[in-house]
Amino acid sequence: MFTVFIDGQEGTTGLRIHERLKNRNDLTILEIPFEKRKCAKTKSQFLNDASAVILCLPDAAAKESAAMVENPGTKIIDASTAFRTASDWVYGLPELHKGQRDRIRTAMRISNPGCHATGFILSLFPLVQAGIVPEDYPVTCHSITGYSGGGKKMIASYQDTQNDLNGPRHYALSLKHKHLPEMQKHTGLTSPPLFSPIVGNFYSGMVVTIPLITRFMKKRASVQAIHEIFSAHYASEPFIKIMPRNPELCLEDGFLSPVACNDTNRLDLFVFGHDEQVLIMARFDNLGKGASGAAVQNLNIAMGVDETAGLI
């Protein structure tokens with residue numbers, strides 16, 4: 001039996017993590033009294049009494065809470081952007097490559113990946129590692145996500161019947177999205193991708209899309225070859241599903257739904273295209289594998305229990 005303290009339990013990600021953990025019999029959730037949430041002394045006690053702490057806070061607040069942990073036996077999983085490229089934190093993407101899961105298991109400080117970054121890295125890293133996509137490839141990426149990814153303020157805006165937000169909306173048009181540093185670092189690219197995120201009028205779910213031109217690859221690879229690379233790289237992964245190459249077997253009347261993985265920790269990976277052009281698409285729940293599900297998966301690994309506990 002181990003104990004978990006969720007710092008920021010009232011937020012969208014924190015609530016989902018609590019929901020995934022509350023009925024488990026192998027752990028106890030330490031819950032700070034509501035009126036004591038902003039009391040530094042009380043919070044410090046909870047942070048240092050827990051076997052594991054999950055931070056669901058803005059970057060600055062996450063750094064403050066992490067600095068308050070003095071117990072050498074307390075493991076921290078941070079869901080903010082604050083530590084995702086820090087050399088003294090382990091990146092919490094167990095499927096990244098051989099050995100990453102063991103690094104998470106022995107780490108005391110784990111940074112939970114961003115939602116867009118999760119789909120991007122899992123789509124591209126195997127191809128860079130295999131020598132198919134060069135490190136200096138001019139990568140572009142489009143990603144559509146549900147509005148829950150924007151937090152309580154955006155959720156309220158979309159659910160306000162006075163607002164007309166039916167169409168998809170592009171954002172981060174300065175091309176400086178906060179996920180870019182981790183997207184570049186953990187794929188091994190020499191420069192950040194040109195990244196265009198989009199928010200849609202649906203609560204959760206997302207699809208991350210990367211187009212590739214085969215003539216610019218290090219080794220010209222067919223759709224079948226890329227599909228085989230993914231199948232081999234993720235062969236034993238419980239939450240990664242490589243989808244059939246035949247569109248008729250994995251699309252709905254020719255359309256790809258962004259919500260088919262909702263309420264799961266699953267990520268579906270698609271490979272479409274022909275000899276000249278390839279389209280890699282990763283579909284998952286932005287609140288699942290993109291946030292709370294990933295945090296629980298990392299918690300399970302870090303605490304040495306079944307990695308799939310509390311997850312589907």
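The model is predicted, so to speak of local features a pLDDT of at least 70 is needed, side-chain atom pairs count only at pLDDT 80 or more, and totals for chains, interfaces and linings use all residues. Residues are numbered from 1 along each chain as its sequence is written, and side-chain values use heavy atoms, with hydrogens and water left out.

The C-alpha trace spans about 60 × 50 × 35 Å along its principal axes. Buried residues make up 54% of the 312, where buried means under 20% relative accessible area, exposed over 50% and partly exposed in between (1.4 Å probe, protein chains only). Of the contacts (heavy atoms within 4.5 Å) with a separation of 6 or more, 70% come from residues 24 or more positions apart.

Seen in order, β8-β9-β7-β10-β13-β12-β11 form an open sheet of 7 strands with mixed pairing, two strands being paired if DSSP finds at least two bridges between them. The edges are β8 (169–170) and β11, each pairing on one side only. Strands β7 (residues 140–146) and β9 (residues 194–200) run parallel and share 7 bridges, with His-142 partnered by Ser-196 in β9. Further along, β12 (residues 267–273) has 6 of its 7 residues buried. On one side, 3 bridges tie β12 to β11 (residues 240–242) in parallel, and Ile-242 has Leu-269 of β12 as its bridge partner. Strand β12 also runs antiparallel to β13 (residues 277–284), with 7 bridges between them; Leu-267 stands opposite Phe-284 in β13. A hairpin of 3 residues does the joining from β12 to β13.

Finally, the rings. The whole structure holds 6 aromatic pairs, counting rings of Phe, Tyr and Trp (its six-membered ring) with centres within 6.5 Å, where planes under 30 degrees apart are stacked, over 60 edge-to-face and the rest tilted. Phe-5 and Phe-46 have ring centres 5.5 Å apart and planes at 45°, so this pair is tilted. It links distant parts of the chain, as Phe-5 sits in β1 (residues 2–7) and Phe-46 in α2 (residues 40–49), 41 residues apart. Both Phe-5 and Phe-46 are buried. Phe-230 and Tyr-234, by contrast, are stacked, because their planes lie at 25° with the centres 6.5 Å apart. Phe-230 is buried at 0% relative accessibility, and Tyr-234 is buried with a relative accessible area of 3%. Ring pairs also link Tyr-147, Tyr-158 and Tyr-203 into a cluster. As for charges, the charged end of Arg-37 sits over the ring of Phe-34, 4.0 Å from its centre; the criterion is NZ of Lys or CZ of Arg within 6 Å of the ring centre and within 35 degrees of the ring normal.

Definitions and conventions:
Helices (H or I, at least four residues) and strands (E, at least two) are DSSP runs, numbered from the N terminus.
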